[in-house]
Each structure stands twice: as C-alpha cells, then as structure tokens.
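Hi there,

Here is the structure I promised to pass on.

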Amino acid sequence: MQLLKNIPRERNVMNRLLATTAAALAASAVAAVAQTVYVSNERGNSITIIDHESGEVVEEVPVGQRPRGINLSSDGKTLYILASDDNRVEVMDTETRQVTHHLPSGPDPELGILSPDDKILYVANEDDNLVTAIDVENRSIIAEIPVGIEPEGMGITSDGKTVVNTSETTNMAHFIDTETYEIYANILVDQRPRFAEFTADDSLLYVSAEIGGTVKVIDPSVPEVLHTITFEIPGVPQEAIQPVGVRVTEDGSKVYVALGPSNRVALVNGETWEVEEYFLVGQRVWQLAFTPDEKFLYTTNGISNDVSVIDVENNEVVRSIPVGEQPWGVQIGDH
Amino acid sequence: MHIPTRRALAAGAVALIAAMPAGAQAPGNGEATPVPAAVLRVEPERPRLPLSRLDLPPEDLGFAGARLATEDNRTTGTFLGQDFTLEEVSTSPDEAVATLEELTASGIQFVVTMADADTLLELSDAVADEDVILFNATAPDDRLRGEDCRANVFHTIPSRAMFADALAQFLMVKRWDRWFLVEGSHEADTALADAYRRAAEKFGANIVESRVFEDTGGARRTDAGHVQVQAQMPVFTQRAPEHHVLVAADESEVFGSYLPYHTWDPRPVAGSAGLRPTTWHPAHEAWAGMQMQSRFDRLAERPMRPEDFNVWVALRSIGEAATRTNSTDFASLRDYMLGDEFQLGAFKGVAVSYRQWDNQLRQPILLAHDNMVVSVSPQDQYVHQFSPLDSLGVDEPETTCSF
C-alpha cells in the first residue's frame, strides 16, 4: 500500500505536461459536482482513481487479482470490483477508497451489471458457463444460470426484468428472465460477443462481436436482429477491427464502439447506424464510460496503459491519462 | 430458489432444451437432431518416439481435443435443438480403410483423421463417392494441398510451407536473415527443409549453408545414447559460414532437440527445436486462450497439445456451421464451411476459415519455446491483399491443387 502510493506521484509529473489542456478543460467544465473516474488495471491488480476535472490521478488502490469488470452503484458510493483470479467481487467504499468486504461470485467473474435498484449484481463467470446473481446486501448468491460457453457481456433493462448475457464461444445473446432466472430466448450474433448495451428506453440492444468485427442492433422485444453495423478504417487491416465496449447516449442518438487493436473508437449514428467518425485513442481499447453529464467519454487502452478522453460535444480526443498496468474496466460517478 | 451445484450443471444444461420456452432460437420441437462425427487415429506400426520423455504422447492425444469440441458444440446445440456425438477410434494403417468404411456405414459423415499422408490419401479415395468429409489433423505434407489435394479432405494442421513461413517472417522481422539450415535424412525432413528453402526465397533470407544429419538408426533412448548424439553436435555444426540462427528441419526427431547449447557457434536454434512454429502451446494465454486451456486441463487433466487443438478446431468448424445454418444437413454444412461467410473464433485473435483453393484452414501460427509463446505469425509487417493469414503458405495464384 505504502509502496504503491509512490506511483501516482510519478504519474503526476507526466500529468503536469498536460496541464495546459487540463486547465482549459477545467475552465470549461461547470464546477458543480466532482466527477470521479475509476479504472481497473487487469495486470496491475489495482484501481486507478482519477479526478475528471483536473485530469489528475488521485490514487492507485491495490485490490484483488486480475480486476476486470467494475460497477458503480447509482449513488456513486460503492464500487464492485470483479477480481477474476480471486474468484470474488471486492466491494470498495469510494469515500474511504478502502475495500470493505467481499461478495461470493462463483469462479472467474469477468463482467457484471447492477440491477436498477442496486440490490442485485449479475456477473458472468467466464470459466464456468454461468451467470451468477448476487444479493449485495445479504452478500449471498441467489441464483446461478447456465448459459453458453465463456459468458461475458452483461446488459439489463431499465425495469430490471431482463438480463442479457453474451457467450463468447457459443456466440449468442441469452435473454434471462430475472423473476424465474431462466433463459427465455437466444439470439445468434457474430464471433466472440463481448458486450451488451441497452438504450435507456430499452427499445434497442447493441451487442459487439470482437472476432466477427460487427455490432448487432437487436430489437429486444421480439427479439430479432434489425441491423449489423460494420466498420472500415482506411489503412487498418480488417482483422484489427475488434469491437468490444459499447456505450449509448441517454437519448440514443450516439453509439460509441471501442474497436480493440485498431486503436480506434467509432461513433455510430443511433438512428441510421452509419459510422460517422473514428477517434484515434490508445492501444487496444477495451471499455468505455461516459461522465455522468455525458460530456466526455473515457476509454481504457489495454496495451498503452492509459485512458483517452473524448469530448462528446466537439468530437475530439482531448486528453490521455496514464493509469496502472493493462487498464480494463472504467466507471465514472458524481461523487 | 434452486441453485444447481457445479456437478449437476452438465445435466442442467441438457434439461434446458425442455425447459426453454419458445424464443428466437428455441428449437421447433423437443428432439435434438444429432450430428455424428468421429476421430480416426491411425497408429503407425513403429511409432516415432520423441527425444525427450516429456514429449511422450498421452494415450488420449487428439481424442481429448475432440471431447472438448464436442462438449462445446453440445452446449451451443442445447440452445438450438442440435446434438453432437463423437466416436473415438484407434486403428492400424492396414485396417484404416475398413475402419473408416464401418464408420461411414453407420451414418458418420465427418471424420477427423490422425494419419500420415499416404494413409490419408487411401482413406480419401475410399470414400470419394460418398457424402463424407475428412479433416486432416496431423499430416503437414504440402502435396496434400497441392498435386495430391482431394476435394473431400479439409486440413486443420498447417502445411509445412505455412509453418516455415511463420518462422521465416519472425526471423526476418528480427533481421536474422542469415540461416544455417540443418536437415535430417528422412523424406519428411527433406520436405520440411524444402519448405524452409522456399520460405527463405519468399521472404529474402539467405541460407548460408545446408547440412544433412544422417540418421544411423539405433535405439531412441539408451543410458548413454543422448550423451553420444549430443556430443556429435558441436563438431557437426563446426565451420559454418557466419549466420544469425541455426534452422533445424528434423521432423523425424533424430537430432533437433540435441542442438540447443551444443552448436559450435553461439547461435539460437529455431525450427524443429528452440523456437518452434506450432498451432497450440499450453502456455498460450492471449485472446481468451486461458479459458480454452483451463477448460481443456479440467477435462483431460493434462496440458493441451497441438494435435488436440487441430482436432478441436475441425469439430468446432462443424459445430459452427450447424449453428449458423441452423441445419444438420451434410451439404449445407460443407458448403457453409467453404463459403465466404464462415469464420470461427479459435483463441488466436482473428477468425480462422478455410481456403477455397485447397481446403486448408488459414490460421495464425504460434512461435514458442519450452515454456513460453514468443510471438504469433503472421507478423504485422507482412500485408496481403486479402488476408494477412494468406501470407503463410501457398497462396491462391501459386496453388497446384485442382479438385
């Protein structure tokens, strides 16, 4: 703990180099609530905490082994950290930045999603073909749902009644009824689906496929595939375009897709499903998160050990911030 | 709330078929249509023993890969009302054709073969008029993708040319372009050396000298045997022109493993020893390889071998075709596997698929030493108008295969 505290200090030196941009950003940001960014470092076994306004790393907190998916409660006070190699979920109090307790998660938890009321955390157990539902208050497992091989992507409707899980080798999106904990429908998507994201009004579901190189647009009410989004970047081999994280703005108009080793994030029009722009970010971009005001989008760049910040309004990459080793998940809260 | 225990999960997954209400991909009826497949392992009369006892083949070599693939196919099949069955058969070269005919007579149309090139050709010709596809999992011979190619044979093991190109690309990226080629005296060794000669020409390496290490026979393993052969290596590799790397072509496993640390000049060894091109390595973790390794380790209680991967990818190809076509019909599956749409995730970072001109699986090739994967080819520096994967091996314009 003591040793690790030196790391952010060194990084702060680098951050000062970016001070001009940071100052400009700070000036433009409405100085209301502090927005805090949490990044899990898969190899660094830590969570990097960044103050969005200043762009400074506040602290790098050591956590369990191979932290990947992270989920922040809606009040921003609790961070759930899926420590894959420790087979558990670590719970961090974001005020004290201490891990206070663990939740049982089943083996190898990779990605999770919280129910809208913050009471249940659903996690994909990548190594065991299961989705586990965890009661975060009672700290107990309430259901294990068998799904396809290598479950990963997790999405939930705003009423909390349907959880969608994607399985990377079975290549399906499984629709799970959260009352019966049974699968009621399956939709085939492309190779190695990584992420499932509902629009805020639940009318659409986006599922990325890393090896397939596509994002499927699904009407979850049927369910059926409405459209397949494909990507093409001049000078980048098609094989390097590997969609992973997906985030949609509240109004559904803008869909951002992280494209892995192509080092790009695509901006897709939420109505026409045409790609409007590609942003060059760091290397092997994995996951995405908006600031709560949706003015900025953070990307975790797994190989270059940094996060990039995209200005959503002005469509430009405005900053990159060094974090821990192999950043993976990202969540941002108003706290 | 019922929480299934881990042990009960396999049964639980099967029960899903019945429990699942009608949905987008729910089966039309409760009966799962089976897709039967087999692995036919033709045991050579005199099995080639590896030089190191650590490399002795496990009894379930290939079969374990088949079991994992079948399990993977069945899990996916439960969501579609499809089932997959597996026959594991071990036979002799003399009995091979008769055994295959028994399998096909019982209704099996997909057979993964672990056989040498000559046996494979006999097998292929024996079922040429039937709706049967063979998947070659162990014969790297380029002629099977060239003048001796067969329409009913798919290849999941890369050709020697692909293996050689994979290593050549890495050596060229390292600027290690002066090679000292040491080849064995058996036919397979010469064929492998020819692949390295072709790769050198293709990528611009300079083979400064080729030497043949004659196999004088004798027992593989004696108390002092390895000492004796190892002792020959320094002298055998003496006075070679200046080179960056020694490339060993020893498919017959006579001397290659004895080369590292015994070369006259202090140079790294690659090819059949040292840095080796392979389809799979138990240390491979990237691109979710870790999940594949742990599923395999749990099932077979040993590390996964390249042969297991070659069989796995063959059977998964069938499963993937059945999933995508929502069919178990032979012609649909064959056409889909050879079509432009086919792509399969195989824990190598990019989708693998079959080359239509010779039925060869295009795939990344790992370069590994004892305990670690060093690199994966194709190297980024080599581009191709269709797929970087086609920079490995014989490309469409050069093929001598016509079905």
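Below are the notes, arranged by topic.

First, the ground rules. This is a predicted model, in which local features need pLDDT of at least 70 and side-chain atom pairs count only at pLDDT 80 or more, while totals for chains, interfaces and linings use all residues. Residues are numbered from 1 along each chain as its sequence is written, chains are lettered from A and ligands numbered from 1 in the order in which they are written, and side-chain values use heavy atoms, with hydrogens and water left out.

**The disulfide**

With a disulfide taken as a pair of cysteine sulfur atoms within 2.5 Å, the count over all chains is one. It joins B:C149 to B:C401, with 2.1 Å from S to S. The pair links distant parts of the chain, 252 residues apart: B:C149 is in the loop between β4 (133–136) and β5 (153–155) of chain B, and B:C401 is in the segment after β14 (372–377) of chain B. Helices (H or I, at least four residues) and strands (E, at least two) are DSSP runs, numbered from the N terminus. The torsion about the S-S bond of B:C149 and B:C401 is about 85 degrees, so this disulfide is right-handed. Both B:C149 and B:C401 are buried; buried means under 20% relative accessible area, exposed over 50%, and partly exposed in between (1.4 Å probe, protein chains only).

**A run of strands in chain A**

Strand β17 (residues 205–209) of chain A has five of its five residues buried. In a regular strand the side chains alternate between the two faces of the sheet. Here A:L205, A:V207 and A:A209 point one way from β17(A), and A:Y206 and A:S208 point the other way.

Two strands pair if DSSP finds at least two bridges between them. β17(A) pairs antiparallel with β16 (residues 193–198) of chain A over five bridges, and five bridges also join β17(A) to β18 (residues 214–219) of chain A, again antiparallel. A:L205 has A:F198 as a bridge partner and stands opposite A:I218 in β18(A).

**Where the chains meet**

Counting contact as heavy atoms within 4.5 Å, 37 residues come from chain B and 39 residues from chain A. Chain B and chain A bury about 3200 Å² between them, 55% of it on carbon and sulfur atoms; buried area is the accessible area (1.4 Å probe) that two parts lose on being put together, summed over both. A salt bridge is a side-chain nitrogen of Lys or Arg within 4 Å of a carboxyl oxygen of Asp or Glu, and this rule finds three across the interface. One pairs A:D190 with B:R324 (4.0 Å, N to O).

**Backbone points to check**

The peptide bond from A:V222 to A:P223 is cis, with omega near -15 degrees, and another cis bond joins B:S377 and B:P378, with omega about 10 degrees. A:R66 is not a glycine, yet its phi is positive at about 55 degrees. B:N326, also a residue other than glycine, has a phi near 50 degrees; at 48% relative accessibility B:N326 counts as partly exposed.
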